[in-house]
Amino acid sequence: MSDIFPIVTIPAPSLRERSIEVDKKEITTPKFQAFLDKLTKTMGIADGVGIAAPQVGINKRIFIANIGHETRTFINPIFTKQSDSLVETEEGCLSVPGIFGMVNRPKKITIQFIDRHGRQAEMILKNFDAVVAQHETDHLDGILFIDKVTDFTRGQLPISS
Ligand code: CO
């Protein structure tokens with residue numbers, strides 16, 4: 001088994017699927033923990049700030065992200081609060097290589113999720129951390145940042161992405 005996953009890029013249909021919830025009992029198994037380690041390592045090698053499981057061909061509701069100074073695992077994430085005020089950020093995506101653009105998203109969110117130890121957790125995230133969590137959660141619903149871009153800043157959108 002290779003130590004990192006290949007990254008799935010557009011126009012792969014699997015990037016457009018709704019991913020399924022993770023069974024809580026599965027989280028603490030060695031197989032699942034090894035998957036999380038490999039996904040984390042893949043994000044590091046690819047130099048991403050976040051990566052969602054569908055980006056490596058696994059359509060389950062999991063993402064990894066660097067939040068603050070920590071790399072954290074989010075399983076079955078849901079947003080319980082989203083601010084009306086928005087923040088505009090230039091986004092890119094490992095699955096959409098070479099393309100960047102401006103996206104507006106809620107500036108502050110509350111996210112509930114299960115952590116990598118199988119514990120229920122909640123975080124309040126602001127600004128870039130909130131943007132990353134929303135970008136990654138969108139992947140779990142088959143949504144890509146290019147769907148929300150107001151202005152492309154670099155690269156061109158291929159047809160039928
Ligand atoms: Co992405």
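**View 1. Phe 100 meets strand E8.** The bridge partner of Phe 100 in E8 is Arg 154. Strands such as this one are DSSP runs (E, at least two residues), helices are DSSP runs too (H or I, at least four residues), and both are numbered from the N terminus. The model is predicted: local features need pLDDT of at least 70, side-chain atom pairs count only at pLDDT 80 or more, and totals for chains, interfaces and linings use all residues. Residues are numbered from 1 along each chain as its sequence is written, and side-chain values use heavy atoms, with hydrogens and water left out.

**View 2. Strands E4, E5 and E8 form an open sheet.** The order is E4-E5-E8, and the pairing is antiparallel. Strand E4 (86–91) and strand E8 (151–154) are at the edges with a single partner strand each, so one side of each has no neighbour in the sheet. Neighbouring strands are turned against each other by 35° on average, direction ignored. Strands of a sheet pair through backbone hydrogen bonds, either parallel or antiparallel.

**View 3. Strand E5 pairs with both E4 and E8.** Two strands count as paired if DSSP finds at least two bridges between them. E4 and E5 are joined by six antiparallel bridges. E5 (residues 100–106) pairs with E8 over three bridges, also antiparallel. Met 102 stands opposite Glu 90. In E8, the bridge partner of Met 102 is Asp 151. E5 is mostly covered, with five of its seven residues buried. Buried means under 20% relative accessible area, exposed means over 50%, and partly exposed lies in between (1.4 Å probe, protein chains only).

View 4. The protein donor atoms are Cys 93 SG, His 135 NE2 and His 139 NE2, at 2.1 to 2.2 Å from the ion. Donors are N, O and S atoms within 2.8 Å of the metal (3.2 Å for Na, K and Ca); water is not among the atoms, so sites may look incomplete. Along the chain, the donors follow the spacing C-x41-H-x3-H. His 135 and His 139 are about one helical turn apart because they are four residues apart in helix H2 (residues 127–140). Both His 135 and His 139 are buried.

**View 5. His 139 in its surroundings.** His 139 lies in helix H2. Its relative accessibility is 1%, so His 139 counts as buried. Neighbours within four places in sequence aside, His 139 is in contact with Leu 15, Glu 17, Ala 52, Pro 54, Gln 55, Cys 93 and Leu 144. Contact means heavy atoms within 4.5 Å.

**View 6. The whole protein, for orientation.** The secondary structure comes to two helices and eight strands. Along the sequence, the pattern is α-β-β-β-β-β-β-β-α-β. The C-alpha atoms fill a box of roughly 45 × 35 × 25 Å, taken along the principal axes. Of the 161 residues, 46% are buried. Among contacts between residues at least 6 apart in sequence, 66% join residues at least 24 apart.

How values were computed
Axes are lines fitted to C-alpha atoms, for helices over the stretch in contact, and angles run from 0 to 180 degrees between N-to-C directions.
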